[in-house]
Amino acid sequence: QVQLVQSGGGSVQAGGTLTLSCAASGSTESWYYMGWFREVPGKAREGVAAIAKRGDTFYGDSVKGRFTISRDDANNTLYLQMNNLKPEDAAMYYCAAATRALPMNWIFERGGYGMDYWGKGTLVTISS
């Protein structure tokens with residue numbers, strides 16, 4: 001069992017920077033990917049970024065070049081640094097972990113279907 005506890009988030013002006021954190025506990029050795037997804041009411045959940053256990057990273061097209069996913073293995077913590085934030089980045093952001101080696105682009109296309117564990121979400125709001 002994996003528990004994911006999120007922190008960070010909040011409100012920032014457009015063009016600003018925000019960093020999200022996700023502390024994993026439990027059987028972290030079992031995960032294959034960890035990633036971030038976001039959701040806006042009325043829209044499908046969207047894949048933002050993911051990192052494989054061996055370090056490969058994967059980004060959604062809308063955040064490439066602006067967001068960076070990273071992890072601190074010593075502290076079992078996942079991060080998402082979000083630079084140059086835009087109003088359309090406002091959403092509830094979820095941390096998630098996958099224990100199966102499914103293709104990440106497949107998971108992204110399905111809004112996170114295939115991820116096995118989820119954090120409770122953290123809200124990011126952008127003011128213009």
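With which residue does E109 form a salt bridge? In this predicted model, the partner of E109 is R110, and the closest N and O atoms of the two side chains are 3.4 Å apart. E109 counts as exposed, at 63% relative accessibility, whereas R110 is partly exposed, with a relative accessible area of 39%.

The pair formed by E109 and R110 belongs to a count of eight salt bridges. Another of these contacts links K64 to D61, with 3.1 Å between the closest N and O atoms, and here both residues are exposed. R71 and D73 likewise meet through their side chains in a salt bridge, at 2.6 Å from N to O; R71 is partly exposed, its relative accessible area being 23%, and D73 also counts as partly exposed, at 48%.

Because C22 lies in strand β3 (residues 18–26) and C95 in strand β9 (residues 91–98), the pair ties together parts that are 73 residues apart in sequence. The torsion about the S-S bond of C22 and C95 is about -70°, and the disulfide is therefore left-handed. C22 is buried, with a relative accessible area of 0%, and C95 is buried with a value of 0% as well.

The loop between β9 and α1 (104–109) contains A101, a residue that counts as exposed at 53% relative accessibility. Along the chain, A101 and W36 are 65 residues apart, and their C-alpha atoms are separated by 17 Å.

Key:
Residues numbered from 1 in each chain as written. Predicted model: local features only at pLDDT ≥ 70, side-chain atom pairs only at ≥ 80, totals over all residues. Heavy atoms only, no water. Disulfide = S-S within 2.5 Å. Helix = DSSP H or I, 4+ residues; strand = E, 2+ residues; numbered from the N terminus. Buried < 20%, exposed > 50% of the residue type's maximum accessible area, 1.4 Å probe, protein only. Salt bridge = Lys/Arg side-chain N within 4 Å of Asp/Glu carboxyl O.
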